[in-house]
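Have the sequence and the 3D view ready as you read.

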Amino acid sequence: VFVYFLVQPHSGVDTRLGTSRDTAFTLEHAAIPCELRQGEPATVQELVTGSCTAEAQADSPEIFPEKNVWLAVFESMFLHGSILHLAGNMLFLWIFGNNVEDHFGHIGFTLFYFFAGVAAMGAHYLADSGSTQPVIGASGAIAGVMGAYLVLWPRARVLTVIALLLFLPVYLPAAVLLAIWFGSQFVTSFNPNSGVAW
């Protein structure tokens with residue numbers, strides 16, 4: 001929340017790239033599979049063409065030469081694409097995270113959270129290692145926390161609001177609620193241009 005509101009820019013023009021400050025900030029700090037594959041920052045040509053190849057690297061300057069592409073995997077977990085993206089992650093972290101943290105302890109939870117986020121980025125990388133689309137968001141880490149909750153307390157009843165014609169509060173078993181959530185994430189992940197770490 002701190003990063004989204006006080007660090008991540010949301011308006012203005014970046015004079016270095018001639019694009020929005022938000023886009024430049026995202027390119028500078030987000031995880032980009034192509035960069036991880038190469039172990040170095042993407043070039044202007046790679047980002048313009050969307051091609052992660054030796055030809056796109058040749059005679060083209062790196063867009064952010066000082067970028068640490070490995071640190072970007074961690075930085076990207078603290079960036080969000082919109083207030084709704086941030087709010088959704090915080091809601092699920094609030095509902096499921098406190099119980100998982102109580103189970104693992106503060107340090108164990110923090111280590112697990114980062115492990116889940118890195119594993120999610122690894123899965124994303126394996127799905128399309130040549131992608132030049134920046135990936136941001138804590139959704140992969142949050143999904144790991146929710147998966148831990150599912151394993152630890154599959155029958156726990158979770159108060160849920162079902163929106164049909166009216167908002168209907170009901171208790172659902174965690175396994176049912178999380179199956180619905182994971183299913184929706186799977187379907188949403190088919191949008192290759194979302195730039196969100198589903």
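This is a predicted model: local features need pLDDT of at least 70, side-chain atom pairs count only at pLDDT 80 or more; totals for chains, interfaces and linings use all residues.

Residues are numbered from 1 along each chain as its sequence is written, and side-chain values use heavy atoms, leaving out hydrogens and water.

Let's start with the disulfide (a pair of cysteine sulfur atoms within 2.5 Å). The structure holds one: C34 pairs with C52, with sulfur atoms 2.1 Å apart. The torsion about their S-S bond is about 85 degrees, so this disulfide is right-handed. Helices here are DSSP runs of H or I with at least four residues, numbered from the N terminus. C34 sits in helix 3 (residues 33-38), and C52 lies 18 residues away in the loop between helix 4 (44-49) and helix 5 (54-57).

| Residue | Relative accessibility | Class |
|---|---|---|
| C34 | 0% | buried |
| C52 | 8% | buried |

Now for helix 7 (residues 83-104): it has a kink of about 45 degrees centred on G97. That bend is the angle between axes fitted to the seven residues ending there and the seven starting there. Among the buried residues of helix 7 are F92, F96 and G97.

Finally, the cores. A nonpolar core is a set of buried Ala, Val, Leu, Ile, Met, Phe, Trp, Tyr and Cys residues joined through side-chain atoms within 4.5 Å. The largest has 19 residues, and helix 9 gives the largest share, seven residues. A second, separate core of seven residues includes C52.

Technical notes. Helices (H or I, at least four residues) and strands (E, at least two) are DSSP runs, numbered from the N terminus. Buried means under 20% relative accessible area, exposed over 50%, partly exposed in between (1.4 Å probe, protein chains only).
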